[in-house]
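Subject: Structure for your review

Dear colleague,

Please find below the structure that I am handing over to you, with its sequence. My notes on what was found follow directly after it.

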Amino acid sequence: MVIKEIPELLAPAGSLNSLIAAVNAGADAVYISGKKFGARRFASNFTNEEMKEGLKFAKLRGVKVYITVNTLMKDFQLEPAIEYIFWLYKNGADAVIVQDLGLARLIRELIPEMKLHASTQLTIHNSAGVKWAGDFGFKRIVLARELKISEVKAIVEIASENELEIEIFGHGALCYSYSGQCLLSSFIGGRSGNRGVCAQPCRKAYKLVSGKKDEYGRSIKTRGTDIMDKFLLSTQDLCVYSQLEKIVGSNINSLKIEGRMRSEEYVAIVISIYRKALDSLKSGKWSSNNENLSKLMLAFNRGFSSGFLLKSEGKTIMGRDAPGNRGLYIGDVVGYNNKTKIVTIKLKNRFKIGKGDGVVFRMPDPIIQTEEYVKEGTSRAGAPVGMAIEEEPIYKGNILRFKAKKPLHKNSMLYLTRSLTLNRESSEIIKNVKSPNISMEMVVSMDIDMALKIEGRFPGLDGHKHCLTMISDFKMENAINKPLTAGKIADQLNKTGNTNFKVTKLVINIPETLFTPIGNLNKVRRDFFEAAETELMKTFKPDEREVLKVDSRIKKNIKKLHNTGSPSKFVSSHSCVIGAYVDSLDSLNGALEGGVKRAYFEPDIDSNLMNCASKSSTISEDAKNQISSQLMQAHKLCQKFGAEFIWKWPQITHDNLIHEFLEVLGSLPEIKSIMVDGNGAGESLKSMEGVSLSCSGGFNVWNRETLMDLSKKYGVITVSPELSRKDLKNLVGGSRVQGIENHIDMVVQGNLDALVSRDCLMELVPEKLAYEDSDFWGIEDEKNHIFPVKIDLNGNTHILNSVELCLIDHVNELVDMGINGLIIDMRTKGYEYSKDMSLVYNAQLNHVLSGNDSNKMLKQFKSRIKTISTGGITTGNYLKGVKDVQ
């Protein structure tokens, strides 16, 4: 099959050396980060000088450079971020990859000439989200990694109609959570993934636990399960190499390789393999190559999967047995001679190993548990045994033998972890720097004063032809003895040396009766090509007049970012109420009896956590009827208590769920208000007449610019739980000063969502446990903290924080800031918790509003909260904020 168009091959580069490796290996584009504002803070990243050098190196070889500016921004960081992006624009960056909506808004307004790519951190996972991104001003969308290939194809069709580019990940690490929706690292240790410093708690050990809920939703009689896997949230790595034809056939614009934290050797090997595969596909001669797949595994792997993109029934993307690099599986130990210390391996992989290579022997998990091995093992039972091969191995048929000084148990599995052959291959790629050899056409003549005149014409890096003329500072003279021939002049002018040019056409219009010293010819040649280099470098940068326009625009408008005044005149007109997130009618009833005035209802139609079958492409008619019934009952309850009712949509809404929800909404004219957790869901409701919209925490509102942008569409805006008290004062107060009158919510109590994953964790539960009398499930870490687990309507796993956020002490501050809704997250709880918690917060709010803020009463309220909360209480990021790294 011949494929006319292949996607751009987009390579990671965490350092200048990695960028050089990527370009030499055949990347069409690279994505890199400066020392600030990038989501991989632990990569080497680029200084400004390194970035200039990297841009020059890549551009001269026809390779595009995209800069990641994909962290969330606080208000005070927006101005330096814009200054940085202006610097990137002046220096010829092709695009910036952005997560923060406020920053994207400013770029769109102040530097519209800079192309915007929507980061995967924006969690765009549906067609409406792509449409929104295009309308916003993004030129390319990096899709969420949780999409199936069928979903990608549908999105590509919509994108092409709107002249948008689609980029997907094809190789590298996978996050357990939807990117941009993970707060687990932030909640555990203040290291926010949204700020580029994720501590990767998903790679840690956990055990699955279950229990019964008491009347307050807390687990009692908690017990562990006998599931052997310890790394419950650890994913395998993505590798689409074997099915590359299907990926290319989806007509995506860019295939992205993950790995800015990886070495230049990794980049060289992975990019070269995908480059050759894509080129072969284009010529119709490609087929998956086992040796190349082995090289990809050897470069780095946690086990390979085709991800959600091409996930087939019964296959998993999880690597729950171990979180680290596996190496390349070579074969199994069938014998070990204690005298000769020769190990015998039955081969399962024909990839050759040699002297100096690194290997490790691992035991299969079931064998580790055997009494025989525990007695026989000379090292810690089950521990891997690593070594370097000191003598050349001997191959005979499907048997491999070599000397191993450490005793090895039969059935041990041999993995190759370091290959000198592969290291040499990567070194060759890295060292093989190709000269650009840009075509230069030259005409040599004389001006009227007998000075040498060189006129050059070359293709610029902007795709246009550019001309250059140079007049020598010497004059040709009439020859006395040996005139210069055209051949001698050509010999000197063809010597382009270390420049980026190659003379492809040279016309000499000089009479062969003249003379000048050869040194003069060499000097004018050097001056000409130096001037040509300078002109060439300008061709991948914007015109100076355009730069001045942008500079003027920024200076004229940037002052608004400093507009922070006293918000008191606005705050006085804003009321504050207690709101609640609820997922059952019992919980809603308790909340309303406790005085909740705004109820966000997210129907839970199947309380059986074991049911992962809801991951199917559609919701059944019975399920839709249940949703409709619950919504109507909830709506009537709210009317009875005089409370505002809002239908809360789930955090993740793929196209199929949006379609089903719109059908339900169309049958319920009483529903007039909806809360969504993503721009795609909001976009899908834009045309629904009479429906007001609210946005929840998944929008990651960190600054006034984001809030201002959302204020045009959403009546209620929820701020991020990652913000500190100081951040909130700046955000809310500054927004009020700028005239934003929208209601602003903040979650103040509950076990908050720490992450959401398309993996259904409950698929792990053995059938014998699935029907036990357990209505609480969670994961327990090595410090014995238990994180509750819930499965949503679409079969996604939600991991909740192990402790409840509690801001009862700070209600007065939040009211003074101008917060309108103090939200209690009561999902997964019941009637008793919902009623008691609502009563406590309403009592404290009433004390604050009446000016009777008694410390004695506050202590009683807090004491009551402690007795009914799950896992204890915390102020979260409110007092300290996330660790500031920018």
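I begin with Y274. Apart from neighbours within four places in sequence, Y274 is in contact with L9, G170, H171, C239, V240, Y241, L244, L255, I257 and L296. Please bear in mind that this is a predicted model.

The largest nonpolar core has 269 residues, and Y274 is listed with L88, F361 and W647 as having the most contacts inside it. Helix α9 (residues 264-283) supplies the largest share of this core, 11 residues. Another core, of six residues, lies apart from it and includes A29, Y66, A95 and I97. In soluble globular proteins, nonpolar side chains tend to be buried together.

Helix α3 (residues 75-90) deserves a separate paragraph. Is α3 largely enclosed or largely open to the outside? Of its 16 residues, 12 are buried, so the helix is largely enclosed by the rest of the structure. The buried residues of α3 are D75, Q77, L78, E79, A81, I82, Y84, I85, F86, W87, L88 and Y89; of these, L88 is also among the residues with the most contacts inside the largest core. The length of the helix agrees with expectation, because 16 residues at 1.5 Å a residue should span 22 Å and the end C-alpha atoms are 24 Å apart. Just after α3, G92 adopts a positive phi of about 90°.

Two further buried positions may interest you. D237 lies in strand β10 (residues 237-239). With a relative accessible area of 3%, D237 is buried, because the cut-off for that class is under 20%. Leaving aside neighbours within four places in sequence, D237 is in contact with G172, A173, L174, F300, N301, R302, G303, F304 and S305.

S294 belongs to helix α10 (residues 290-299). Its relative accessibility of 6% means that S294 counts as buried. When residues up to four places away in sequence are not counted, S294 touches L328, N349 and F351. S673 lies 379 residues from S294 along the chain, and the C-alpha atoms of the two are separated by 54 Å.

I turn now to two of the sheets. An open sheet of four strands has the order β22-β21-β20-β24, with mixed pairing. Its edge strands are β22 (465-475) and β24 (501-508), each of which pairs on one side only. Neighbouring strands of this sheet are turned by 25° against each other on average, with direction ignored. Strand β21 (residues 451-459) runs antiparallel to β22 and is joined to that strand by eight bridges; F458 stands opposite H466 in β22. Helix α15 (residues 518-538) packs on the sheet and touches β20 (438-446), β21, β22 and β24, with its direction at about 150° to that of β22.

With kind regards

Technical notes. Residues are numbered from 1 along each chain as its sequence is written. This is a predicted model: local features need pLDDT of at least 70, side-chain atom pairs count only at pLDDT 80 or more; totals for chains, interfaces and linings use all residues. Side-chain values use heavy atoms; hydrogens and water are left out. Buried means under 20% relative accessible area, exposed over 50%, partly exposed in between (1.4 Å probe, protein chains only). Contact means heavy atoms within 4.5 Å. The expected span of a helix is 1.5 Å times one less than its number of residues. A nonpolar core is a set of buried Ala, Val, Leu, Ile, Met, Phe, Trp, Tyr and Cys residues joined through side-chain atoms within 4.5 Å. Two strands pair if DSSP finds at least two bridges between them. Axes are lines fitted to C-alpha atoms, for helices over the stretch in contact, and angles run from 0 to 180 degrees between N-to-C directions.
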